[in-house]
Amino acid sequence: MATFLYKLGRLAFRRRHFAALIWVALLTLAGVGAASAPAAGSSSFSIPGTEAQKAFDLLEQRYPGMSADGATARVVFKAPEGEKMADAANKAIVEKTVAELGDGSEVVSVSDPFTTRAVSRDGTIAYASVTYKVPAMELKDSSREALETTAHKAQDAGLTVEMGGDALQAEPETAVAGEIIGLAIAAVVLVITLGSLVAAGLPLLTAIIGVGIGVSTITALASALDLGDTTSTLALMIGLAVGIDYALFIVSRYRSELAEGREREDAVGRAVGTAGSAVVFAGLTVVIALAGLAVVNVPMLTKMGLAAAGTVVIAVLIALTMIPALLGYAGRKVRPADEKGGLLGRRKGKGSANASAEGAANTSADGPANGSAKGAIGSKPSLGTRWASFVVRRPVAVLLLGVVGLGTIALPATQLELGLPDDGSQPTSTTQRRAYDLLSEGFGPGFNGPLMVVVDAEDSASPKEAASAVTDEIKGLKDVVTVTPATFNKAGDTAMITVIPESKPSSTQTEDLVHAIRDAGAGVAADTDAKVLVTGATAMNIDFSQKLTDALIPYLALVVGLAFLLLIVIFRSILVPLKAALGFLLSVLAALGAVVAVFQWGWLAGLIGVEETGPIMSMMPIFMVGVVFGLAMDYEVFLVTRMREAYVHGENPHQAVVTGFKYSARVVAAAAAIMMAVFAGFIGSGESMIKMIGFGLAIAVFFDAFVVRMAIVPAVLALLGEKAWWLPKWLDRALPNVDVEGEGLRAHDDAARKPAEDDEDEDRSLVRV
């Protein structure tokens, strides 16, 4: 692996015009494809195998004209203080509004609240339901504008008017300002870490190109593959973070190789051969984690994971090929690691130049790690070196502090409540939230989450008796407010019954009611041969949460198992991968605890703009497991491979930990800071799901990079000593040798040095003669 990547890096350096041209051409091609692609339609949300999805599919089949997947809107009216909706003037306004709402070309039907009895008991609140022909994301802007204009006219006439429903859903707002701030912070961190604007600009440039190719490709294929807007958001988030990090690791290693006195082409080759090997395997763990989301069998999650995984693959390939090409263009503007540019300080003086020369002279077949150590004798220890030395001296105290601290933060995760966001989770400044609150005030909290019970009586001898039996059973259940009469289809073999719960959609009482209806339906089915199914948005959310919960353990087993095997190959160890997996579980649990504390309990919610607390998004746990696991393994690979490199080159286990920190801690810390800045940039999004994902990933990176990898990992390695690198001999022989440490490059040095030494011996012999 190292030898192949070494040659690839040198080739890209020499053929820099060709390498750069390929990536620019790919970016152009993807951009043209995105610009010319048809607009993406609705991203269908389906949950195969669940009862709610089966009922929904049955409705589409048995009620072909009802537009089961069509957008809906509720226009909620409230009379002025002291008046009733039935007053002549108010009633006239509502009837005029209903008539205007029905004029739209995409409108299927509009209900009149006075004929459908959609008026509250106290007579102050009423609502009209609007049904459209097409799904929400396919709704024309003109239809949304007509809805809003008509509602505003009624409001101007003196009524309080608010609107809810999925018809108001438009393109999600992206946190552009937050993303720009995140990139600005990343740029500052890169300049501080790499010492010059040119070196700092390379990771940013390549990350933007990689994300541009990935997101443009997703946009171009969105219509054909039914990709939603969240898909490109995730690809943007992950692509930016890993793209910057992977390029940073290679540029940083390149500067270290230059400090060893190597020629630029050789330094590029060695950087790609060593750090590039770590990039390949780190990227592979991220791809495994993201692609593994397909195990859940939710099409939306599968598409999100595969699209983001594709962007990670692009980031890896760009880091291995375009970074070497750009380093060739940059030339001497990218300086060695021990030389600062004019931006951050004066260039090294005579003493440091001599030290560098001495380090270069001392570089031997022992490889960069030992050569660097020799050249650094007498230099001031870095912060990473001092911290690693402290951890090696006090491993038990550091380990206990890290584990107990993260364990404490993880405690709120035991109170985790899952659900999907609805209008009740919107900020109070939105009309959707105000409509939600008005409906709760007038008709009860459960009115915002009606349940739809579908009675499939195709095999029943008496469909009407079956529907009546279902209705009677539901009326006797706890937490039921209203049960509407059964509505049959034209064939008379299927009935719909609407059930209004007493509790709000996201409550555990409503979830219990759904299960109670299904249990009661099983008894009715046994007596009448009719199938009873529960669906609707609330039931869909409940089934989705349950499906994700059921899939979490198999997903963890698959992803962690595959990555565990991969890490065994990389580190030639059993205990190091085991420690990596356990550390990841600790960091992700702590991150989930923080998410619960902020978004469910409301702690410090005001600091990040969380206006409404509630259940955590159903996909959050499994999503965080997938993404955070991949990113956690990034830091594990980059940090521990440098430790193993030092150990393989002859250092004792404790000294190898310190050496690994000396050469990688600064870069890993910078990479984590960059990733946190990129993720935190999405906290400013108006979408609660994107805000939660941004916060969760940012805090998870903080815990994993700075607590687990920087404290717990070196403490465990110090305690294990030689045992950390133990591997059964039979397994060692069976595993492929991927050479992440660059042993092949060491052999390459020996082979290149021998002819030169032979020539020198021959010259000395001739001189003596």
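Predicted model: local features only at pLDDT ≥ 70, side-chain atom pairs only at ≥ 80, totals over all residues.
Local features need pLDDT of at least 70, side-chain atom pairs count only at pLDDT 80 or more, and totals for chains, interfaces and linings use all residues. Residues are numbered from 1 along each chain as its sequence is written, and side-chain values use heavy atoms, with hydrogens and water left out.

**View 1. A nonpolar surface patch that includes Leu-29.** Phe-18, Ile-22, Leu-26 and Leu-29 make up a patch of about 400 Å². Nonpolar side chains are joined within 5 Å, like charges within 9 Å. Areas come from the Shrake-Rupley method with a 1.4 Å probe; for residues, only the protein chains shown count as cover. Leu-29 belongs to helix H2 (residues 16-36). Helices are DSSP runs of H or I, at least four residues; strands are E runs of at least two. Leu-29 is exposed, at 60% relative accessible area.

**View 2. Lys-691 in helix H22 (residues 688-720).** Lys-691 is buried, at 12% relative accessible area. Buried means under 20%, exposed over 50%, partly exposed in between. Beyond residues up to four places away in sequence, Lys-691 touches Phe-599, Ile-608, Gly-609, Val-610, Phe-682, Ile-683, Gly-684 and Ser-685. Contact means heavy atoms within 4.5 Å.

**View 3. Strand S6 (residues 451-456) and its partners S9 and S10.** In S6, 5 of 6 residues are buried. S6 pairs antiparallel with S9 (residues 494-501) over 6 bridges; pairing needs at least two DSSP bridges. S10 (residues 531-535) also runs antiparallel to S6, joined by 5 bridges. Val-453 stands opposite Ile-497 in S9 and Val-534 in S10.

Conventions. Patch = residues over 30% accessible without salt bridge, like charges linked within 9 Å, V, L, I, M, F, W, Y side chains within 5 Å. Salt bridge = Lys/Arg side-chain N within 4 Å of Asp/Glu carboxyl O. Buried < 20%, exposed > 50% of the residue type's maximum accessible area, 1.4 Å probe, protein only.
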